[in-house]
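Work through the exercises below with the model open beside you. Try each task before you read its solution.

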Amino acid sequence: MDVAVLGAAGDVGRAICAELIERRVLGAHSRLQLVGRAGGLSARAVHGLRVDLIDAHDEHAPIIDVALRPEDVVADVVVMAAGRTIPTAAGSGVDRDALASTNLPIFDEYAAALAEYGSGHEVVIVVTNPVELGVAAMSRRLNRHRVIGMGAWLDTLRFRREIAWSLGIRRQRVSGFVAGQHGEGVVPLWSTVRLRGLDSDDRAAFVRRLRGDRDLNIFSEEIAAARAAISRMAGDDITDAFDYVDGLPPGIRTIVRPFLTHQSGAKTAFGTARATVELVDTVLDGREIVVAGQVALEGEISLGGQPFTGVLGVPIVVGPDGWTRVLLDDLAPDEDAYLGEVAARIGAFTDRWMLE
Ligand SMILES: NC(=O)c1ccc[n+]([C@@H]2O[C@H](COP(=O)([O-])OP(=O)(O)OC[C@H]3O[C@@H](n4cnc5c(N)ncnc54)[C@H](O)[C@@H]3O)[C@@H](O)[C@H]2O)c1
């Protein structure tokens, strides 16, 4: 089985390539295609990256090659990690329009090439931001069940970690999902949280303790206030800003800690790579597992009692052919209302860019 990484020479792309090889997701007879941009700096860097990866992992490395044109991309799983990212300067916000103006043509270019020259069986995992726009753009040219945005899975792993951290346990004892938009529009689905080894009464008591008497009706104001605070602090002593984040409730930390991590200059390449490679591994392995991902829905869920059409992060079953089903039980009223609000925001943004 073969994997192509678009934007392989970038920070996230490199971390994904290294993780694919280190975790032996790709065996010695598989192929890893490093895709750069002809005429860009990455056209040179992908050749160097190829040699560096072989130097590091010659004992078990897959066959590694380079492609510089979208029409030359050939793989079972295509990871889209090419394009512009959010600035790392302390205090800088997330300008989704700036990301969209650079990255929408990249989504379109690769989707058109895959539609024309691909096998029709590749699964595309979208990492590049805005993830929802990437899923919308690629799903209009490719089979929507074969296009998955990985942001909701990364945010889910972050949510589980923050809950685990509050309880002094490891993440593997926590399950539960987030939905919504990658980044600031994450919707923590507290109704889905389970703690291994606890019955439902004990679990409910723990969740009450973690949430206090807050619900999602005030969540977006809480996020805005926390982000404004860390933007002010991040330019001074970054340890004060991380200490401040430690004192926030887990749902808020899920969103704000990565924002600060990115602004520290470290970016979030390793966490992103881990979540992406887990999805790649699932697709290649032939198992089906429940993860979360941004997908193009056509009435598979209802929000506010109405069937929903559009791109949204939701819990999904993923297997060798992409995503097959959404696994979302009845939501709590505050979850349904807030997810509906976020879904409308995503729809307005993707429509504005894609209908232009
Ligand atoms: N979804 C998530 O959870 C998540 C997390 C982190 C980063 N991201 C996103 O991933 C993307 C990459 O981030 P990064 O930090 O690696 O950025 P980066 O600037 O380090 O790397 C981007 C790479 O893409 C290459 N590139 C640009 N246009 C290309 C094209 N047309 N074809 C092939 N390669 C091209 C560049 O040359 C560069 O090597 C950004 O959009 C970022 O916002 C998403």
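**Exercise 1. Find how far apart the C-alpha centres of domain 1 and domain 2 lie, and describe the side of domain 1 that touches domain 2.**

Solution. 
1. Note that this is a predicted model.
2. Domain 1 covers 2-150, and domain 2 covers 151-356.
3. Take the C-alpha centres of the two domains. They lie 23 Å apart.
4. Count the residues in contact. Domain 1 brings 38 residues, and domain 2 brings 43.
5. List the elements of domain 1 that give two or more residues to this side. They are H1, strand S4 (77-80), helix H3 (96-117), strand S5 (123-126), helix H4 (131-139) and strand S6 (147-149).
6. Pick the top contributor. H4 gives the most, with 7 residues.

**Exercise 2. Which residues come nearest to the ligand, and which elements give two or more residues to the shell around it?**

Solution. 
1. Start with the shell. It holds 32 residues, and Gly-7, Gly-10, Val-12, Ser-42 and Ala-82 come nearest to the ligand.
2. Assign elements. H1, H3 and helix H5 (151-167) each give two or more residues to the shell.
3. Find the top contributor. H1 gives the most, with 3 residues.
4. Sort by class. The shell has 13 nonpolar, 15 polar and 4 charged residues.
5. Check the domains. Domain 1 and domain 2 each supply at least three residues of the shell.

**Exercise 3. Are H1 and H2 roughly parallel or roughly antiparallel to each other?**

Solution. 
1. Locate the pair. Helix H1 spans residues 11-22, and helix H2 spans residues 42-57.
2. Read the geometry. The two helices pack at an angle of about 30°, and their axes are 11 Å apart.
3. Apply the cut-off. Angles under 35 degrees count as roughly parallel.
4. Conclude. H1 and H2 are therefore roughly parallel to each other.
5. H1 and H2 make a right-handed crossing.
6. Name the contact residues. H1 uses Arg-14, Cys-17 and Ile-21, while H2 uses Leu-49, Leu-53 and His-57.
7. Classify them. The contact has 4 nonpolar, 1 polar and 1 charged residues.

**Exercise 4. Work out how H7 is oriented to H9 and to H8.**

Solution. 
1. Take H9 to begin. Helix H7 (residues 219-234) and helix H9 (residues 250-263) have axes that come within 10 Å and cross at roughly 30°.
2. Conclude for this pair. H7 and H9 are therefore roughly parallel.
3. H7 passes H9 in a right-handed crossing.
4. Inspect the contact. Residues of H7 that meet H9 include Phe-219, Ile-223 and Ala-226. On the H9 side, Ile-252, Ile-255 and Phe-259 are among them.
5. Sort this contact by class. It has 10 nonpolar, 2 polar and 2 charged residues.
6. Move to helix H8 (residues 238-246). The axes of H7 and H8 come within 8 Å and cross at roughly 160°.
7. Conclude for this pair. That angle makes H7 roughly antiparallel to H8.
8. Name the residues. Ala-229, Ile-230, Met-233 and Ala-234 of H7 meet Ile-238, Asp-240, Ala-241, Tyr-244 and Val-245 of H8.
9. Sort by class. The contact of H7 with H8 has 8 nonpolar residues, no polar ones and 1 charged.

How values were computed:
Residues numbered from 1 in each chain as written. Predicted model: local features only at pLDDT ≥ 70, side-chain atom pairs only at ≥ 80, totals over all residues. Axes fitted to C-alpha atoms, helices over the stretch in contact; angles between N-to-C directions. Helix = DSSP H or I, 4+ residues; strand = E, 2+ residues; numbered from the N terminus. Parallel < 35°, antiparallel > 145°, perpendicular 65-115°, else oblique. Left-handed = near helix turned anticlockwise from the far one by under 90°. Contact = placed C-beta atoms within 7 Å. Nonpolar A, V, L, I, M, F, W, Y, C, P; charged D, E, K, R; others polar. Domains from an automatic or database assignment. Near = placed C-beta within 6 Å.
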